[in-house]
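Reader: I should like to go through this structure with you. Could we begin with what the record annotates, and then turn to the chain itself?

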Amino acid sequence: MTTTPETMDFKNFQIAMPYTLTAGHAVGSFLAELAHQRIIGARCAKCDTVRVPAQDFCGDCGGESNEFVVVPPTGTLTAWTVTDQGIIGLIALDGTSVPLLHQVITATPSDLQVGMRVKATWAAEPVGAMMDLAGFVSAPDAPVAQVEPAVDLSSPIEQLDYRMELDYEHAYGHFYGTLFDGIKNSRRIRGVRCPSCRNVLLPPRPMCEACYVPTGDWIDLPDTGIVQACSVVHIEFVGQRIPPPYVYAEIVLEGSSTRLIHTVGGLSAEEARSGAVRPGTRVKAVWSDRRTGGLSDIDYFEVVADHE
Ligand SMILES: [Zn+2]
Ligand SMILES: [Zn+2]
């Protein structure tokens, strides 16, 4: 059995999802007015409740909430919870029927009390988002105020850009870890042999899925192989790393019994289109200057002549 080097245990990855959100008329107006330090609510035409942020429809009776009002920046703290990222409170703003969920800013959480008076505090530079209203601070002397009719409202913010980012670690385990460690440190591509069917499996794995037996020896594979199947990609799509046309291929490395998926490159657009790569074409890996420990350390496979 070949000795195995220390393996790469984990690799950090990120899924990023940029998207846009349409705020709607009421919430769009609420967000736009935060930049002017005004809090906009909506009164239900049917049941007369006032809710903030302004909503197009009443959450209680489903009635249309087409009357916008300016809500005072003062209110009463009705509940709160302490989190890693600060204190989240329910604030009953004066003249409203439903408490607003928002940040409570205080140096000493132990000073908070149900029923305490609070007032809004504003971001130094508004950006047209919820956090233009930075949060609520203690205001023991703030008098109780009333809602007022909203006049001269700004145009609603129609669309918001969001970006969700999820960081995670992928655990490779012994077999993938050994493969990627070899690729990173010594440009070795390593598979494992099944003791029963003698197939060499790449990527390496603990069991042969044909024979259901544990795999055995580690086998070094060359970075040359044969194209088993291929297709020419002509369409463009989000996240594409190579401008089309390019060749996507199933490649069987010499001595391997399984195929890996990679691109065949170093071709002109005309060569890619005209079938310069076909089943049976011999190819060789072109290694990148990057050493990340993955198959992307191979930039692409290039076509080599049969006699090489
Ligand atoms: Zn209602
Ligand atoms: Zn087997």
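**The annotated span and the chain around it**

Author: In this predicted model, the end C-alpha atoms of residues 218–287 lie 22 Å apart, and the span is 7% helix and 47% strand.

Reader: What feature does UniProt place at residues 218–287?

Author: The unreviewed UniProt entry gives "domain: ChsH2 C-terminal OB-fold" for residues 218–287.

Reader: And how many helices and strands does the protein chain have?

Author: The secondary structure of the chain comes to three helices and 19 strands.

Reader: Into which domains is the chain divided, and how far apart do the C-alpha centres of domain 1 and domain 2 lie?

Author: Domain 1 covers 24–157 and domain 2 covers 168–303. Their C-alpha centres are 56 Å apart.

Reader: What percentage of the residues count as buried?

Author: Of the 308 residues, 29% count as buried. As for contacts with a separation of 6 or more, 57% of those in the chain come from residues 24 or more positions apart.

Reader: Let us change topic to confidence. What is the mean pLDDT of the protein chain?

Author: The mean pLDDT is 91, and 97% of the residues reach 70 or more. Over residues 1–5, however, the pLDDT is below 50, and this stretch has eight contacts in the model beyond near neighbours in sequence.

Reader: How should one treat predicted coordinates where pLDDT is low?

Author: Where pLDDT is low, the predicted coordinates should not be read in detail.

Reader: Now the open sheet: in what order do the four strands come?

Author: The order is S3-S2-S4-S10, with antiparallel pairing. Strand S3 (50–51) and strand S10 (148–149) are the edge strands, each of which pairs on one side only.

Reader: How many bridges are there between S4 and S10, and which residue stands opposite Glu148?

Author: Strand S4, residues 67–71, pairs with S10 over two bridges in the antiparallel sense. Val70 stands opposite Glu148 of S10.

Reader: On to the backbone. Is the peptide bond from Val52 to Pro53 cis or trans?

Author: The bond from Val52 to Pro53 is cis, with omega near 0°. Pro53 lies in the loop between S3 and S4. The peptide bond from Pro244 to Pro245 is cis as well, again with omega near 0°.

Reader: Where is Pro245 found?

Author: Pro245 is in the loop between strand S15 (224–233) and strand S16 (246–253).

Reader: What about the phi of Gln37?

Author: Gln37 is not a glycine, yet its phi is positive, at about 60°. The residue is found in the loop between helix H1 (25–34) and strand S2 (39–43).

Reader: Why does Gln37 count as partly exposed?

Author: Gln37 counts as partly exposed because it has 14 C-beta neighbours inside 10 Å; a buried residue would need 20 or more, and an exposed one 12 or fewer.

Reader: And the phi of Arg187?

Author: Arg187, also a residue other than glycine, has a positive phi near 55°. Arg187 is found in the loop between helix H2 (173–186) and strand S12 (189–193). With 13 other C-beta atoms within 10 Å, Arg187 is partly exposed.

Note on methods:
Residues are numbered from 1 along each chain as its sequence is written. Chains are lettered from A and ligands numbered from 1 in the order in which they are written. This is a predicted model: local features need pLDDT of at least 70, side-chain atom pairs count only at pLDDT 80 or more; totals for chains, interfaces and linings use all residues. UniProt positions are given in the numbering used here, feature names are shortened, and annotations may be inferred rather than shown by experiment. Two strands pair if DSSP finds at least two bridges between them. Two residues are in contact if their C-beta atoms, placed from the backbone, lie within 7 Å. pLDDT is the predictor's confidence in each residue, from 0 to 100. Domain bounds come from an automatic or database domain assignment.
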